[in-house]
Amino acid sequence: MNGAVSSWDLSVGVDGPGTRFVLFTAGCPLRCQYCQNPETWRMRDGRQVSTDEIMAEIGKYRRFISVAGGGVTVSGGEPLLQPRFTAEVLRRCHESGLHTALDTSGLLGVRATDSLLADTDLVLLDIKSYDPATYRRVTGGPVGPTLRFARRLAELGRPTWVRFVLVPGLTDAPENVDALARFVAGLGNVERVDVLPFHRMAIGKYERLGLRFPLAGTAPPGQELLDRVHAQFHAYGVASS
């Protein structure tokens, strides 16, 4: 089984619990204004790698990530653009006793089989916005598939962390945050919401690729805005970090 891969790396505390081996697949159907990985947009720009190669690479770090309470996260890009490859990596990691996580926008959630999700210990679900108009403005796509996937994860009882990027003037409207908090609170399987402050650290990547970063003129959120958003989630009994 081969897949198009952009890169892999080790991370701590951002892509699931503990120290993790993160596999960045190539290809994504969305074009989020704040995307930090524009190099992963096109599948054809990725490198063809077999699952055997991936497992061999993971094996180099297995003891380290296990002792550190971590595991393997399949990210992107959008890993569900390559569902068979993603499923195979998750299955082999899960069967070998490694904690597994899937980082997805949920747009292609219908491509995730129940068996793929059974091999996924944690879903990192990026809900860019609850409001459909804002979601389309942020990503260029519809929010409906993501919300349907979130409900399916709840029905299956799959542990989920929701990720929400807070962008001043784009995703920060009180009614948008409130609606998302209400939705998440009603699911029952969401362990926490990660409120991720927007930043501009990817500008250099865009310049090297000859691309314009759409939010170059947008400042990161201040502490007052972050406090307000956390308070909105907490008001619905949702843990946020």
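Which helix does E57 lie in?

Analyst: E57 lies in α1, the helix covering residues 51-67. Helices here are DSSP runs of H or I with at least four residues and strands are E runs of at least two, numbered from the N terminus. Numbering along each chain starts at 1 as its sequence is written, and side-chain values use heavy atoms, with hydrogens and water left out. This is a predicted model, where local features need pLDDT of at least 70, side-chain atom pairs need 80 or more, and totals for chains, interfaces and linings use all residues.

E57 counts as buried because its relative accessible area is 14%, buried being under 20%, exposed over 50% and partly exposed in between (1.4 Å probe, protein chains only). Its side chain makes a polar contact of 3.1 Å with the side chain of K60. That term covers N or O pairs within 3.5 Å; within protein, one atom must be able to donate a hydrogen and the other to accept it, and sequence-adjacent residues count only if both atoms are side-chain ones. Once residues up to four places away in sequence are set aside, E57 touches W8 and F21, contact meaning heavy atoms within 4.5 Å.

T40 is buried because its relative accessibility is 2%. Not counting residues up to four places away in sequence, T40 touches S6, T25, A26, G27, C28, G76 and G77.

A polar atom of the T40 side chain lies 2.9 Å from the backbone nitrogen of G77. G77 itself belongs to the loop between β4 (71-75) and α2 (83-95). And here's a detail to check by eye: the peptide bond from G76 to G77 is cis, with omega near 10°. T40 touches both of these glycines.

Another loop worth a visit holds S105, between β5 (99-104) and α3 (114-118). S105 counts as buried because its relative accessibility is 6%. Its side chain reaches the backbone nitrogen of L107 at 3.2 Å. Setting aside residues up to four places off in sequence, the residues that S105 touches are L30, E78, L125, D126, K128, Y135 and T146.

Further along the chain, V193 is in contact with V162, F164, V184, F233, V238, A239, S240 and S241, again leaving out neighbours within four places in sequence.

Last stop: I203, in helix α7 (residues 203-208). I203 is partly exposed because its relative accessibility is 24%. Leaving aside neighbours within four places in sequence, I203 is in contact with F213 and A216.

Back where we began, E57 is buried because its relative accessible area is 14%, with K60 as its side-chain polar partner and with W8 and F21 as the residues it touches beyond four places in sequence.
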